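Work through each one before reading its solution.

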Amino acid sequence: MSHAAKTFVPLNIAVLTVSDTRDESNDTSGALLVERAEAAGHKISEKRIEKDDVFQIRYQVSKWIASADTQVVLITGGTGFTGRDSTPEAVTVLLDKQVDGFGELFRQLSFEDIGTSTVQSRALAGISNGTLVACMPGSTGACRTAWDGILGTQLDARAKPCNFVMHLKQTDTELCETRG
């Protein structure tokens, strides 16, 4: 018996690019996430670029998590190993539950494109206050991999056997099948 929704449920998505060098004119990763989300039928509630600073990232993400209007936060950038990469440190403390499978699956999918370099990705996701927060590397290819391989399906209430939508604020439908 399927519990997936019969109709699409548009979500309010905020997009954050973490970068010391990008601006709106060259933020191809943030632009790709906006384009993919809108093409899927979701609404972009806000898009921002923040410097790679743990407290600025945490402040902005906290505001979105606390907002009744934001159901998903997509973050690109700051997940590597350089001295300024601090997105995981900024975000992890804000999560109620981690979605360990997101990072694992992201690295598996990305291995096809970049080989063993994928082990240097600290992509992660979790849920906090009914808001999905997904952090992915800053490259446009990585954002494409994350959206096309994971997020596009998991943010669709019709996806079976289950998806993230049932866990997000302002949704009340059961969208997971039981395993038989």
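**Exercise 1.** Work out how the lining of the largest pocket divides into nonpolar, polar and charged residues.

Solution. The classes are Ala, Val, Leu, Ile, Met, Phe, Trp, Tyr, Cys and Pro as nonpolar, Asp, Glu, Lys and Arg as charged, and the others, Gly among them, as polar. This is a predicted model, where local features need pLDDT of at least 70 and side-chain atom pairs pLDDT 80 or more, while totals for chains, interfaces and linings use all residues. Residues are numbered from 1 along each chain as its sequence is written, and side-chain values use heavy atoms, leaving out hydrogens and water.

Next, find the centre. On a 1 Å grid over the protein atoms alone, a pocket is an open set of points where a 1.4 Å probe fits, with protein on both sides within 12 Å along at least five of seven lines; lining residues have an atom within 4 Å of a point. The largest pocket holds about 260 Å³ of space, a volume filled by probe spheres set on points joined across faces, edges and corners. Among its 19 lining residues, I114, S121, P137, S139 and A142 come closest to the centre.

**Exercise 2.** Which helix gives the most to this lining?

Solution. Helices are DSSP runs (H or I, at least four residues), as are strands (E, at least two), numbered from the N terminus. Both α4 (100-114) and α5 (140-154) supply at least two lining residues. The most comes from α4, with 4 residues.

**Exercise 3.** Trace the strand order of the open sheet.

Solution. The 6 strands run β2-β1-β3-β6-β5-β4, with mixed pairing; a pair needs at least two DSSP bridges. Because β2 (43-50) and β4 (97-98) each have a single partner strand, one side of each lacks a neighbour in the sheet. Parallel strands β3 (72-76) and β6 (131-136) are joined by 5 bridges, and T76 stands opposite M136 in β6.
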